[in-house]
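These notes follow a reading of the model shown below.

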Amino acid sequence: MKVEIGSDNVDDSIQEAEPTQPLDDGAISQPPVKKKTSCCTGLKVFLAALSFTYLSKTLSGTIMKSSITQIERRFDIPSSIAGLIDGSFEMGNLLMIAFVSYYGAKIHRPKAIALGCFIMSAGSILTAMPHFFMGYYKYETTLNAMSSVNSTSSINPCSVDQKDIGVSETLIEPDPGCKKEASSYMWIYVLLGNMLRGIGETPITPLGISYLDDFAKEDDAPLYIALLHTIAMIGPMLGFLLGSLCARLYVDIGFVDLGSINITPRDSRWVGAWWLGFMIAGVTALISAIPFCFLPKSLKKPEEESNDKSSSDLSNIKEDNSGKHSPIKQKPVKSSASLKDFFISVKAVLGNRIYFVFLCSVLLQFSSFVGFLTYKPKYMEQQYGQSASKSNFITGLTSLPAVAIGIFLGGLLMKKYKWGLIGATKFGFGVSFFAFLISLLHFFVGCENHVVAGLTVSYDGTPVAYGENTVFSSCNSDCKCASNQWDPVCGDNGITYITACLAGCKVSTGHGKNTVFHNCSCTEVAGLLSGNTSVTLGHCPKRDDCSRKFIYYTVIQVISAFFYALGGTPTYMITLRCVQPELKSLAVGLYVLTMRALAGIPAPVYYGALIDRTCLKWGRGSCGQRGACRIYDSNAYRKAYLGLITGLRAPSYLIALLFFLMVKKHYQAKDSKPTENGGKEDIPMNGETNSKSCEYSSGSSDAEKESYI
């Protein structure tokens, strides 16, 4: 019997065996001495390094998700443009993923991953650079302008000059210098940095997963992948917690007097230190690249043969190579032939009907997931009146640990029960559908709109129709206020007014955040029982029952996230089980390519465009151009956001049912054929004889796999 292994391994084995195993007539007089390996080398080191890299890349990705509303406000852009910035990561990934996946098996995979980490680090740092080249953040406020007009300590928002102040603030006729500032488009640098980060992230998943799957035991591969993704979940947890901290810090912290800032983190004009998270993510990515620079191109496959068999094989190898052993030189392949093989391989993977149907089902689910995750913090802010800091904190502290536990338990269950393709399909899509049913409860735990005079209610407190603009009223007709400003104040009657001028206020006391406006005529219209006609800065909080509904929303989200993640590992392993062994790297690459191109890029854009349609009040930039949205219609936002998520996920389960029927039919046809090897197939997933699509076992025969269901 002969064992085929690489020439380098043969030479090493012979050099190691010769001093202690003298040959006499072709026999080995002593058992072979195994070479001692350090616990810090090989597959474990690669798994640890790849886990930290996954943590790094998910950290930087989560920083972008948690900072999306901060970026909107800082650059005065709508949600659709913010979605385009978020999708630029997938654009960069799309440029390289297919070729990296195909040629990755032919190059030094660890060093390719290291190069990707260096590029990813540069992209994260570039994303933060616009902060250092832009001026200080100037938010919309009427206090500064009124203070410049009125030198006294008391401010009269309803003064005769109020309309003039509004005109000067909105700059209907901007000067040339202002035009130049408005045309700078600094957000493009954020887009380019995020795209560069996507290019750097490209080799990590396809090359890392294929390298791990090639050199790990077949039964251990699902557990390793589950462990990898579980550790990677620490990245989003840290990312959202870091995003929470950064959102609480003012964007220009350390450069401006915070006592002069009149807004709080709950204000829709607040911008946190979004740039700080990207700087930290860039340094983390740089550190993650170092271990891969010292890892080998390939590792030894774990030996599963007994010692006796290994000894016999080693003696046969020495006999075969005693007189003539020279490494086989591979003939160089022409680029045209290599490119032709690439397209043939792509056709072979996409021509696999089972793989293609599976891809379509996952594509719809991934589209809903991308939009959901991108705008989840914004949804929590607008629907439940939470600050960006608290929204990120709650997401990182509740949902993500449940996801991490679900992913790890899914890998353990797959290892324990050794599910094949049918078992993984049943379990993966089954628990995902159960999570989908639970998530439908989100429709019933929404909050009502903010009570804003002139937008959601009239000045007497009665609701107004969506889109009906009643900003002006008889109570503020004498004030000559500007209608395009947003500097909200809250009355004791629970109604928010767009500005103190529109509230009809005549006098003010205090300074900065402690400013209080008095003698507000519009508060009398709503019928105050206490007779207090004063208002304070900031919009009014939502009703108490909204806080209770937010708790319900969080509980539903945690349960749904757990069950959705529980089927994540079995579903991911389907990608590896449905293609030929030599095409696994390409299959994973095409899987990622499809998700990036058809879900990751367009989903944030059309989600953002749909959300923009629910805006009630747009902010204004320094030059009068339309900026970020200040307040949304909560009811319309909930229906649009959750409705789109449901509309994408529901059809995916119909396609998943078709996928299951196709897989079941395939296995029934296969079981009708004579079974080889006495009814057992202990051939690893990389075995040459096990090369037909969807015929890979998990250490047991197909009949045995069916018995677990």
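1. A residue is called buried here when its relative accessible area is under 20%. The model is a predicted one. By that cut-off, nine of the nine residues of helix H18 (residues 376–384) are buried, so H18 is largely enclosed by the rest of the structure. The residues concerned are Lys376, Pro377, Lys378, Tyr379, Met380, Glu381, Gln382, Gln383 and Tyr384.

2. For the protein as a whole, 53% of the 709 residues count as buried. The secondary structure consists of 27 helices and nine strands. Among contacts with a separation of 6 or more, 79% are between residues 24 or more positions apart. The accessible surface is about 31700 Å², and carbon and sulfur atoms contribute 61% of that surface.

3. H18 packs on helix H22 (residues 544–566) at an angle of about 155°, the two axes being 10 Å apart. Angles over 145 degrees count as roughly antiparallel, so H18 is roughly antiparallel to H22. The crossing of these two helices is right-handed. On the H18 side the contact involves Lys376, Tyr379, Met380, Gln383 and Tyr384, and on the H22 side Cys546, Lys549, Phe550, Tyr553 and Gln557. Sorted by class, the contact between H18 and H22 holds six nonpolar, two polar and two charged residues.

4. H22 also packs against helix H19 (residues 388–417), with axes that come within 7 Å and cross at roughly 25°. H19 and H22 are therefore roughly parallel, and their crossing is right-handed. H19 contributes Ile394, Thr398, Ser399, Ala402, Val403, Ile405, Gly406, Ile407, Leu409, Gly410 and Leu413, which meet Phe550, Thr554, Gln557, Val558, Ala561, Phe562, Ala565 and Leu566 of H22. This contact of H19 with H22 comprises 13 nonpolar and six polar residues, with no charged residue. Phe550 and Gln557 are listed in the contact of H22 with H18 and are listed again in the contact of H22 with H19.

5. Helix H2 (residues 43–66) and helix H14 (residues 274–288) pack at about 165°, and their axes are 9 Å apart. The pair is therefore roughly antiparallel, with a left-handed crossing. Phe52, Thr53, Ser56, Leu59, Ser60, Ile63 and Met64 of H2 meet Gly277, Phe278, Ala281, Thr284, Ala285, Ile287 and Ser288 of H14. By class the contact of H2 with H14 has eight nonpolar and six polar residues, and no charged residue.

6. Helix H3 (68–75) is mostly covered, with eight of its eight residues buried. The buried residues are Ile68, Thr69, Gln70, Ile71, Glu72, Arg73, Arg74 and Phe75. Asp76 follows H3 and is found in the loop between H3 and H4. The phi of Asp76 is positive, near 50°, in a residue other than glycine.

7. Most residues other than glycine have a negative phi. Against that background, where does Asn519 lie? Asn519 is in the loop between strand E6 (516–518) and helix H21 (521–525). Its phi is positive, about 55°, although Asn519 is not a glycine. Asn519 is partly exposed, with a relative accessible area of 44%.

8. Asp86 has 4% relative accessibility and counts as buried. Neighbours within four places in sequence aside, Asp86 is in contact with Met64, Lys65, Ile68, Asn194, Thr374 and Pro604. Of these contacts of Asp86, Met64 is also listed on the H2 side of the contact with H14, while Ile68 is among the buried residues of H3. Tyr103 is partly exposed, at 25% relative accessible area. The C-alpha atom of Tyr103 is 9.2 Å from that of Ser585, a residue 482 positions away along the chain.

Methods
Residues are numbered from 1 along each chain as its sequence is written. This is a predicted model: local features need pLDDT of at least 70, side-chain atom pairs count only at pLDDT 80 or more; totals for chains, interfaces and linings use all residues. Side-chain values use heavy atoms; hydrogens and water are left out. Buried means under 20% relative accessible area, exposed over 50%, partly exposed in between (1.4 Å probe, protein chains only). Helices (H or I, at least four residues) and strands (E, at least two) are DSSP runs, numbered from the N terminus. Contact means heavy atoms within 4.5 Å. Axes are lines fitted to C-alpha atoms, for helices over the stretch in contact, and angles run from 0 to 180 degrees between N-to-C directions. Angles under 35 degrees count as roughly parallel, over 145 as roughly antiparallel, 65 to 115 as roughly perpendicular and the rest as oblique. A crossing is left-handed if the near helix is turned anticlockwise from the far one by less than a right angle, and right-handed if clockwise. Ala, Val, Leu, Ile, Met, Phe, Trp, Tyr, Cys and Pro count as nonpolar, Asp, Glu, Lys and Arg as charged, and the others, Gly among them, as polar. Accessible areas come from the Shrake-Rupley method with a 1.4 Å probe; for residues, only the protein chains shown count as cover.
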